Amino acid sequence: MVSTEAAYQANEGGGPLDVDKAFYDRVSGSSGGRRLVDGFTIPIRSGRAWEVPAGHLCRIVTVDGPQVGDFNVWNRHDPRERLWAARTRQLQRAHVSTYDRLWSNLPFLRPMLTITDDTLADYGTDAEGGRVHDLLGTRCDPYVNRMLTGEDFDFHCHSNLVRAVLPYGLTEFDVHDVLNIFQCTGLNENDQYFMKDCPARPGDHFEFFAEIDLLCALSTCPGGDLSVPMWGPDAHDPVEVCHPIGIEVYEVDDELLEDWTPPERAAYHNLHGMNLPAWKG
């Protein structure tokens with residue numbers, strides 16, 4: 001069996017999935033080389049969008065208890081470029097952690113951010129096959145909720161993200177499949193998706209380095225820490241297990257970025273084998 005990474009590596013000189021771990025360790029580990037330039041708290045059952053300039057660090061923090069956050073990200077200057085969850089699962093893995101990257105969609109195909117620190121990195125795989133920070137599932141939404149319960153609820157992650165990006169000129173059509181930060185999930189023996197209680201505790205964090213200028217958005221999931229089922233016979237409103245999430249954005253000293261350049265978009269610029277007709281005057 002050949003791993004995805006091995007299949008994409010060049011012969012002996014490495015390949016496009018190589019990560020300069022020493023660089024990211026230096027940038028993330030130099031607490032004296034960073035300055036807080038933005039910080040806020042996202043209340044329970046809400047969403048917010050914010051900018052992270054290229055070369056900056058962003059830290060997502062569980063403020064006072066376990067809480068799942070549904071994360072979207074776009075190119076700040078061209079929102080047509082956004083997280084491609086499916087390709088990231090293939091190029092990286094289904095549950096991401098330190099040194100993994102989130103990749104953008106076609107025709108851009110480049111790393112948008114690199115994960116630099118994760119206090120849950122040692123969680124690993126639990127006895128039921130659960131792992132943290134997943135790209136397997138996606139955001140909860142009012143459409144599925146209406147289908148399953150016959151009721152309307154306007155604070156699902158999809159709705160929170162829609163409201164969050166409206167000030168940036170984006171709409172529901174721009175919201176896309178998410179990275180579920182702090183969420184513990186897996187596939188059972190029937191290859192079905194499952195979710196478990198969030199293992200994060202106050203002060204746990206998930207940090208990344210912006211490879212390009214980013215627009216980020218996060219929803220504090222209305223399911224909170226997912227310890228209460230949202231559907232089925234035992235379901236009830238889990239508001240008591242909902243907690244806020246903190247956001248911190250840091251500027252990094254220029255000398256720490258000397259060996260770094262923003263990634264270029266994909267080099268393929270052909271027309272997929274199609275020839276345009278030549279104009280003859």
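In this predicted model, the side chains of R34 and E207 come together in a salt bridge, with 3.0 Å from N to O. Look at where the two partners sit: R34 belongs to strand β1 (residues 34-42) and E207 to strand β11 (residues 205-210), so their pairing ties together parts that are 173 residues apart in sequence. Both ends are tucked away, too. R34 is buried, with a relative accessible area of 12%, and E207 is buried at 0%.

What lets such side chains pair up in the first place? Opposite charges can pair when the charged atoms come close.

How many salt bridges does the structure hold? The count is 16.

| Salt bridge | N to O distance |
|---|---|
| R34 and E207 | 3.0 Å |
| D100 and R93 | 2.7 Å |
| K196 and D126 | 2.8 Å |

Now for the D100 and R93 pair. Is D100 buried or exposed? D100 counts as buried, since its relative accessibility is 8% and the cut-off for buried is under 20%.

Next, take K196 and D126, whose side chains meet at 2.8 Å. K196 lies in strand β10 (residues 193-196), while D126 is in the loop between β7 (111-118) and β8 (131-134), so this bridge ties together parts that are 70 residues apart in sequence. D126 counts as buried, at 17% relative accessibility.

Technical notes
Residues are numbered from 1 along each chain as its sequence is written. This is a predicted model: local features need pLDDT of at least 70, side-chain atom pairs count only at pLDDT 80 or more; totals for chains, interfaces and linings use all residues. Side-chain values use heavy atoms; hydrogens and water are left out. A salt bridge is a side-chain nitrogen of Lys or Arg within 4 Å of a carboxyl oxygen of Asp or Glu. Helices (H or I, at least four residues) and strands (E, at least two) are DSSP runs, numbered from the N terminus. Buried means under 20% relative accessible area, exposed over 50%, partly exposed in between (1.4 Å probe, protein chains only).
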